[in-house]
Amino acid sequence: MINKLKKASFIILPIALGVFLIWYSLSKLTTSDIQSIKTSFRTANYWWVLVSLAFGALSHLSRAYRWQFLLEPLGYKPKLANSIMAVLIAYLLNLVIPRSGEVARAASIKKYENIPFKKAFGTIVAERVADVIMLFSIIGIAFFLQTELITSYLFKDGDTSSLYSKIIILGVFPILGFLAFRMLKKSKNVVIVKIVSFINDLLDGVKSIYKMKKKWQFIFHTIFIWVMYVLMFYAVTFALPETTNLPFAAIIVGFVVGGLSMALTNGGLGTYPVFVASALILYNVDDNPARAFGWIMWTAQTIMVIVFGGLSFLLLPIYNKSEK
């Protein structure tokens, strides 16, 4: 009974948080604010939104193709169509239950390609290692580009030297992190042991990628996937006149903030529009257009996942039945 309650809370709490944030953000809006956001939705150039979705579709196709490079050394070469549909189903299920998509993806490829679940899931974990590295790299770029803004926000210190701050971020922090990790490895604390184990798994994943026969193709597709993610965000800035001339730094910061918010609720429900809007407001975008941008971006992404994931869910068994 307790385990069932824990599982139910794991599903319900993120959704409840997302719904609460939507209600809370809407409750703060005046009638004129709501009208302004509606106007932005009505007048937005949705051709740019379609361009954004095209970049998103390319990232999904690349992710499915990249998966082949991890499965091939294990002796498996699944049909690309099955890999694509398994990836799209994973995105769909992650909207309902966080991280359930990875399990469903491995289960789908096991069912239709007879690839052992553990091996398939292991390759997905290795993928995540590469994605975590890319995310951290983009976060590092965001900090580097906006050192003054971030340090002044965190420390309320307008006199921080740009060069000094960047040296700390790029040099001292990694060194301190490395030394701290070496010290933590000696700890017997259960929580710290798990953290160290997680970091070691990441490092092992990096090593396995490096030893891969087609590692350069894998690295190319990994970079390509994340470039497509950034371009998804960038394309939508042209949909509204208020966000058309945002600097590159604002694009990166907005992308990072939005990406991190996705981890808080299912598919960024409630969090993505609020967090992205707060990032754009820092760059002198008016509140209501910033909110409209966040909602347009999130709605487009979510609709794409639901449509493609739903079609994949229906077509996957039909496709494999016709192949027999």
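Helices (H or I, at least four residues) and strands (E, at least two) are DSSP runs, numbered from the N terminus. The model is predicted: local features need pLDDT of at least 70, side-chain atom pairs count only at pLDDT 80 or more, and totals for chains, interfaces and linings use all residues. Residues are numbered from 1 along each chain as its sequence is written, and side-chain values use heavy atoms, with hydrogens and water left out.

**Exercise 1. Determine where Ser83 is found and whether Ser83 is buried or exposed.**

Step 1. Ser83 belongs to helix α4.

Step 2. Buried means under 20% relative accessible area, exposed over 50%, and partly exposed in between (1.4 Å probe, protein chains only). Ser83 has 0% relative accessibility and therefore counts as buried.

Step 3. Contact means heavy atoms within 4.5 Å. Leaving aside residues up to four places away in sequence, Ser83 touches Ala64, Trp67, Gln68, Pro78 and Ile109.

**Exercise 2. Relate Leu92 to Val307 in sequence and in space.**

Step 1. Leu92 lies in helix α4, which covers residues 80–96, whereas Val307 lies in helix α13, residues 287–323.

Step 2. The two residues are 215 residues apart in sequence, and their C-alpha atoms are 8.8 Å apart in space.

Step 3. Not counting residues up to four places away in sequence, Leu92 touches Val305, Ile306, Gly309 and Gly310.

Step 4. Val307 has a relative accessible area of 40%, so Val307 is partly exposed.

**Exercise 3. Describe the overall composition of the protein.**

Step 1. The protein has 13 helices and zero strands.

Step 2. Of its 324 residues, 40% count as buried.

Step 3. Among contacts with a separation of 6 or more, 70% are between residues 24 or more positions apart.
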